[in-house]
Protein chains: 2
Amino acid sequence: MKKGEKRKQDLLKIAYDMFLSHGYENTSVDEIIEKAQIAKGTYYHYFKSKEQMLEEVIEMMIEREAEAAKQIIEMDIPVPQKIAGILSSVKPAEAEMPIEDALFHPENALMHNKVRKKLIDVLTPLLSEVVREGTEKGIFECDNIPERVRMLLVISNGTFNEGTFSERDITVFIDTAEKILGAEKGTMSFIYGLIDKSDMETDE
Amino acid sequence: MKKGEKRKQDLLKIAYDMFLSHGYENTSVDEIIEKAQIAKGTYYHYFKSKEQMLEEVIEMMIEREAEAAKQIIEMDIPVPQKIAGILSSVKPAEAEMPIEDALFHPENALMHNKVRKKLIDVLTPLLSEVVREGTEKGIFECDNIPERVRMLLVISNGTFNEGTFSERDITVFIDTAEKILGAEKGTMSFIYGLIDKSDMETDE
DNA sequence: TAAAACCGACCGATAGTCGGTTTGGAGGCA
DNA sequence: TGCCTCCAAACCGACTATCGGTCGGTTTTA
């Protein structure tokens, strides 16, 4: 890696950490260059704007998530499990990350949304391939697979990523997923056990 | 209405127009007070910050949408039509508004998302009541109505409000809606005719 | 020796502050 | 009723701090 390339990666890493811990809006370019020990001019030698830097940071995040998804696909596990695994990428499950937590603070809605939107775009084709595999094995029966998959991702995202959710939400989600993909009732019910109950409502 | 209250409403109206036409981020407080012919201090007498003003503007928008939804519910039309009508509130249909158009410009992602998130919260109970009515009439058959309704709103929002969508998306949405609510196949297919094709992909 | 990397003073715009002035209406009083 | 007092709400605009971004120039590197 060339000298400049290394520096750029360092800057991205620093920004990545700061954006997540304090939010994009609350992180100033001055703070970034101060932590990186470089001058303003150097920063703008590598990035044409703060927002363009955000795009690259998001790119980094997406690539990681996509890589994780691809690994799940390669695994020798039942198709429904693969789907559940990838679905967990959109929603922060029991994964190792304090990363995602910060993403939910109201402060950085901008980054939050850019990430999720792109993530859905990236995951749709990957997950579609898995579903197609499932139809061949007779587990699912449906047409328009990419559209259905995207819909699942949108639901998962919109249901489990916005604040809290209830046990019923999980039940309904499983039911809906089965119906969208044309699966036997109960095929996906194991998902219930995978959901991270920590941010679930306890009452009602 | 007291003097001050009137002024505040005027300011909100001005901000509402400007936020929609130029975006929240691209509208400065200076521009607002210039158009309103008041001083900086006066502005901050009514709003503690620009963002807090945005909250109030959004509140205004939500109330209007909710009011429109309530009117649809009161109407003497078949239950599925009511649902389609309210669903159209989340998604800009052939309605009279140049309003919504501006909401989609990438510039004001912030406002866009705040509005949609809140709108879903407000519409969920209203639409749930309609669906309950539908179950009584035997049109739908499902449990956990609020959760299912919210899911429908999330899908509608995530599918038809993010950039472009295809004819297949509509087909799949209708199919999914019927399955989520436990309706006969074809019950909701008239939705197809309601979708504003103007922002639909033409190719593929 | 040229390009890439780097520097930091400077700039314009912007959200928000602050100390002070004006206004209008409620209450006291003749 | 008419007038005065007084206080809070309404209003003012100069000022500040911060921030993203620019620019002309210097140093490093291959």
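The contact between chain A and chain B takes 21 residues from chain A and 22 residues from chain B, where contact means heavy atoms within 4.5 Å. This is a predicted model, in which local features need pLDDT of at least 70 and side-chain atom pairs count only at pLDDT 80 or more, while totals for chains, interfaces and linings use all residues. Residues are numbered from 1 along each chain as its sequence is written, chains are lettered from A and ligands numbered from 1 in the order in which they are written, and side-chain values use heavy atoms, with hydrogens and water left out.

The size of an interface is often given as the accessible area lost when the parts come together. Between chain A and chain B the buried area is about 2,100 Å², with carbon and sulfur atoms giving 61% of that area; buried area here is the accessible area (1.4 Å probe) that two parts lose on being put together, summed over both. Of the area that chain A buries against chain B, 27% is supplied by Glu147(A), Met151(A) and Val172(A), more than by any other three residues. Two salt bridges are found across this interface, a salt bridge being a side-chain nitrogen of Lys or Arg within 4 Å of a carboxyl oxygen of Asp or Glu. The side chains of Asp175(A) and Arg148(B) form a salt bridge, at 3.0 Å from N to O. On the side of chain A that touches chain B, the elements giving two or more residues are α7 (109-136), α8 (145-160) and α9 (167-181) of chain A, and α9(A) provides the largest share, eight residues. Helices (H or I, at least four residues) and strands (E, at least two) are DSSP runs, numbered from the N terminus. That side of chain A divides into six nonpolar, six polar and nine charged residues, with Ala, Val, Leu, Ile, Met, Phe, Trp, Tyr, Cys and Pro counted as nonpolar, Asp, Glu, Lys and Arg as charged, and the others, Gly among them, as polar.

Within chain A, the domain assignment gives domain 1 (1-47) and domain 2 (49-201), and their contact takes 19 residues from domain 1 and 18 residues from domain 2. The area buried between these two domains of chain A is about 1,800 Å², of which carbon and sulfur atoms give 69%. Tyr16(A), Leu20(A) and Tyr24(A) supply 41% of what domain 1 of chain A buries against domain 2 of chain A, more than any other three residues. One salt bridge is found across this domain interface, and the side chains of Lys8(A) and Glu56(A) meet in a salt bridge at 3.2 Å, N to O. On the side of domain 1 that touches domain 2, α1(A) gives the most, with nine residues, and the residues of that side divide into twelve nonpolar, five polar and two charged.

Definitions and conventions. Domains from an automatic or database assignment.
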